[in-house]
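Visitor: Could you take me slowly through one part of this structure, the place where the two chains meet? I would like to understand how the copies are arranged and what lies between them.

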2 protein chains.
Amino acid sequence: MSLSSWNETATKQAILDFLARAGDENNPGYIPPTERIAAFDNDGTLWVEQPMPAQTGFLLGKLAEQVKANPALAAEEPYKSIVNRDPAFLQALSQQSPDAGVTFLNAIGSAWEGTSPEAYEAEAQAFLAALKHPRYGRPWIELIYQPMLELFDLLRANDWRVFVCSGGGRDFMRVFSEQTWGILREDVIGSALQYVYQGGRLVRSNAMLGNVALGPGKVEHIYDRTGRMALFAGGNADVDLEMLQAARFRLVVVHDDAEREYATTAASEKLLAAGQQGGWVMVSMKDDWKIVYKD
Amino acid sequence: MSLSSWNETATKQAILDFLARAGDENNPGYIPPTERIAAFDNDGTLWVEQPMPAQTGFLLGKLAEQVKANPALAAEEPYKSIVNRDPAFLQALSQQSPDAGVTFLNAIGSAWEGTSPEAYEAEAQAFLAALKHPRYGRPWIELIYQPMLELFDLLRANDWRVFVCSGGGRDFMRVFSEQTWGILREDVIGSALQYVYQGGRLVRSNAMLGNVALGPGKVEHIYDRTGRMALFAGGNADVDLEMLQAARFRLVVVHDDAEREYATTAASEKLLAAGQQGGWVMVSMKDDWKIVYKD
């Protein structure tokens, strides 16, 4: 439980100090065990998200298949932008921007309408099994930040309950959360379509459960799931801002490591500014991490 | 972890046998730990629900207050039925029947619209602190079935994760789940209104998250929360039928103890029939439990 992939920097010390205070009944920073909820964004916080989040490729592939099966769709959004590889659209998508639009969300909603959880999961699993990262040539599923896994272990050892809260799909992450993060399916929070139980089976509808889990939606989903705020929160992008603001310990993963990972501030400008102003814990991948990816 | 408040009957043995099989890798009934999810209804399964579920009184009181503040409401449903104490309406409500109606659900939805989680919880807590059971004269919050708490302990000792899934309000149960059941807020599943995060605070809306957690809605909410079916499920009423059908171990609490609790089959006829036909584990409060309420 020693954060062994973290360098001996002020960042590591800040984490250790916070956990020590939170665990000490005589310290004003004490947090009762029931309230020790930690939540982390996924893309860019737990694994690589450049050049585009893994799930975005999954969704684009699915919608492109639908156009193949029904070419008339190519005249409508978002299929039109997908078929034409519209740069502004893809840019908005890659940054998990709400600007990617309602038509995209609706298309995702209807893409698996009527399918079973098993059918959806089989597709997600097949996609992930085949997905290699364009730069590293390694399976994307292996491109998990080892230091963050060690942080999970440390939090658990200090009686924190660790959740993932991603704007990405709850059901997409659940297919790999247990093996990859050691996080049970029930501790995965994300944007979600509603399933209805009909004739003894669950069937996916096209209705979202609550808002997209981005920005304020992350806080909403965490409260829905846990009845609390996450007092320890980690993220890396503007869509994580509210989740971190609502926390007591705010950890920002800063992508400043062009050599081992990426150096970019795209779609993170607001978060980085808030973190610097607020004295949040800014994790430099370059300086604070001995290694980036688990072996 | 010995189910010490349970008599040495076939019921107790069936529970122990199932857990032994589920825990034995060499047994065809083995269930991997990640899949060991247990879910229990609340009213009538974990505590007394006669003559009317505790939360129903809370809701009726709230709506009656609203009529006092705005007498014009008395002309509309469900306020009209509440003010007139309409027997059919109260009967439907007391049995958690969907017939209690859409107007009632909508009224509940709007009753706390715009309030904070803290404000809602303070009201629920004040109500529960004052609520005595009309027959026993004891605080309702104490009228928990001791044998079920022991079953929770036994399940946990066998690496099952215990959830409550009630048609009642998720937020209502969360105010007492940790102290009363030893169940964390995040493991409480129930009917829920959506909160939105605005200006740095959570505000209750009037929109439900998914369906009411009754009947098929229980399976839907359990899947939403856990990504799985509950393989061990306990209930006592027709609205628990689907949750039990979807499980592998089905436990039915049978209210056959007029002396210590109640003897009634109202709104449980379908469940009792399914349980008897299917060879489910029928818990006779009279014969299987040494004591009913915790001390």
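Guide: In this predicted model, chain A is superposed on chain B by a rotation of 180° with 0.0 Å of shift along its axis, at an RMSD of 0.0 Å, and that is the relation of a two-fold axis. The same surface serves both copies, since 100% of the contact residues of chain A recur in chain B. If you look for the axis itself, A:L209 is the residue of chain A that comes closest to it, with its C-alpha at 3.0 Å.

The contact takes 33 residues from chain A and 33 residues from chain B, and between them the two chains bury about 2,900 Å², of which 54% is on carbon and sulfur atoms. Within chain A, the residues that lose the most area to chain B are A:E186, A:Y197 and A:Y223, which together make up 24% of what that side buries.

Between the two chains, 16 residue pairs are in polar contact, with both residues at pLDDT 80 or more. Several elements of chain A each supply at least two residues of the side that touches chain B, among them helix 6 (117-130), strand 2 (161-169) and strand 4 (193-198), while the largest share, 7 residues, comes from helix 10 of chain A. Sorted by kind, the residues on this side of chain A divide into 14 nonpolar, 6 polar and 13 charged.

Note on methods: Residues are numbered from 1 along each chain as its sequence is written. Chains are lettered from A and ligands numbered from 1 in the order in which they are written. This is a predicted model: local features need pLDDT of at least 70, side-chain atom pairs count only at pLDDT 80 or more; totals for chains, interfaces and linings use all residues. Side-chain values use heavy atoms; hydrogens and water are left out. Contact means heavy atoms within 4.5 Å. Buried area is the accessible area (1.4 Å probe) that two parts lose on being put together, summed over both. A polar contact is a pair of N or O atoms within 3.5 Å; within protein, one must be able to donate a hydrogen and the other to accept it, and residues adjacent in sequence count only if both atoms are side-chain atoms. Helices (H or I, at least four residues) and strands (E, at least two) are DSSP runs, numbered from the N terminus. Ala, Val, Leu, Ile, Met, Phe, Trp, Tyr, Cys and Pro count as nonpolar, Asp, Glu, Lys and Arg as charged, and the others, Gly among them, as polar. Copies are superposed by least squares on the C-alpha atoms of residues with pLDDT of at least 70 in both.
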